Amino acid sequence: MKKIFVLYILAAATVAALALTGCGKEKTPPGPDKGKLEITGSGTAADPFLIDTWADLAAVGTTATWALDKHYKLTADITVSGAWTPIAPDTDHYFTGTFDGNGRTITFDNVTVPNDGGLFAYVQSSGVIKKLKVAGNITGTKSVGAIANYSFGTITCCVSTANVAGGDFAGGIVSGTNNNSTVKNCYSTGTVTVSSAWPYYAGGIAHRVWRGTVEYCYARGNVTNAGGTSGGITGTLDMDNTPGNVRYCVAMMGSVAATGSDPNCKRVIGSVAGSAGEIANNYANSAMTVNGTTVSGTATDKNGADATLTQMQTEAWWKTTPGVFSSVWGGSTPDEDHPWVWGTNAPKLYWE
């Protein structure tokens, strides 16, 4: 009889436990699932640290082992939601390593960043970010870029389909560039928005190109600035003392607009300061409105040369006539130096 009673008690306890845990499965803790922190690799070029969870991503640069000067490689698509602290969050902590997106996607599920940010906040001159796609929506109170807030380094072969919203400054790929930095072979298709009424900057690729180069890039998302200077590629190009360059770029969006006290907008480059650089071979959608009006331009001015959207949606326009991307077209054997191939009504990168 005792044995039967004990068995009855054990069975009742088991049923109760299953009811509490959901048919025997461990209950998911409240809040987003960041996955397991388990970075493998040694952080060298030959054996980079491998990132495959949100927890891994958030750990970059937070310890002496997972330092900001190491090599990292994404091995899975990752979704980040809610608040995000950017990698290399301030000017005391620059990213100086290499981050290989490996053709993977980081999706910002309505992410907010504190002050200045993006996936990264600050990238130093030796820092490299490549073959990465960013999607979703990202918002910040000050300066925001989908991939990085400010870059002194190299961002290449990257894509952003994310909608970017900054309080003061915003760029589709990077908010600002500086000191011989390069943004090359990248494109952005998300909207770019600045909410402040002050005369700040917004651009389809960058809000500001200062002593750096943006080349072989295009942007498709509308740019809207409640403040001032805006451009389809960059809000402003500073060419004082050290060259700043915007070349071989295409603004495909339907509109660039600013509604503040200084609504200085152009199809490609909102404003230019200085002359120690190059503006060359840039084009813009001829149907684009700039503060509600269509305008014209040339390949060497702030509005870019006219091209119809129909022309831009043909492969030949990009690789032969006028051949904006002809020198970086991948053909049958694309690589990081010649990464462009034909997609759906626009070029895409070979790893997509």
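1. Start with E336 and K130, whose side chains form a salt bridge at 3.5 Å, N to O. (That term covers a side-chain nitrogen of Lys or Arg within 4 Å of a carboxyl oxygen of Asp or Glu.) E336 lies in the loop between α4 (315-319) and β34 (340-342) and K130 in strand β7 (residues 128-130), so the pair ties together parts that are 206 residues apart in sequence. K130 counts as buried at 19% relative accessibility, while E336 is partly exposed at 31%. Buried here is under 20% relative accessible area, exposed is over 50%, and partly exposed is in between (1.4 Å probe, protein chains only).

2. A word on the model before going on: it is predicted, with local features needing pLDDT of at least 70 and side-chain atom pairs counting only at pLDDT 80 or more, while totals for chains, interfaces and linings use all residues. Residues are numbered from 1 along each chain as its sequence is written, and side-chain values use heavy atoms, with hydrogens and water left out.

3. The whole structure has eight salt bridges. Another one joins E215 and K184 at 3.9 Å, N to O. E215 is in strand β21 (residues 212-219) and K184 in strand β16 (residues 181-184), 31 residues apart. E215 is buried at 11% relative accessibility, and K184 is partly exposed at 26%. Both belong to a salt-bridge network that also takes in R247 and E278.

4. Have a look at D306 and R267 too: their salt bridge comes out at 2.6 Å, N to O. D306 sits in strand β33 (residues 305-307) and R267 in the loop between β27 (265-266) and β28 (269-274), so this pair connects parts 39 residues apart in sequence. R267 is buried, with a relative accessible area of 0%, whereas D306 is partly exposed at 37%.

5. On to the rings. There are 18 aromatic pairs in the structure. (Rings of Phe, Tyr and Trp, the last by its six-membered ring, pair if their centres lie within 6.5 Å; planes under 30 degrees apart are stacked, over 60 edge-to-face, and the rest tilted.) F99 and F120 are edge-to-face, 5.4 Å centre to centre with 80° between the planes. F99 is in strand β4 (residues 98-100) and F120 in strand β6 (residues 120-123), so the pair ties together parts 21 residues apart in sequence. F99 is buried at 0% relative accessibility, and F120 is buried at 0% as well.

6. F325 and W340 have ring centres 4.8 Å apart and planes at 35°, so that pair is tilted. F325 is in the loop between α4 and β34, and W340 in strand β34, 15 residues apart. Both are buried. They also belong to a cluster linked by ring pairs, with Y187, Y216, Y218, Y248, Y283, W317 and W318 among its members.

7. N225, in strand β22 (residues 223-225), is buried at 1% relative accessibility. Leaving aside neighbours within four places in sequence, its contacts (heavy atoms within 4.5 Å) include V194, Y200, S230 and T259.

8. Finally, the chain as a whole. It has four helices and 35 strands, these being DSSP runs numbered from the N terminus (helices H or I, at least four residues; strands E, at least two). Buried residues make up 49% of the 352 residues. Among contacts between residues at least 6 apart in sequence, 73% join residues at least 24 apart.
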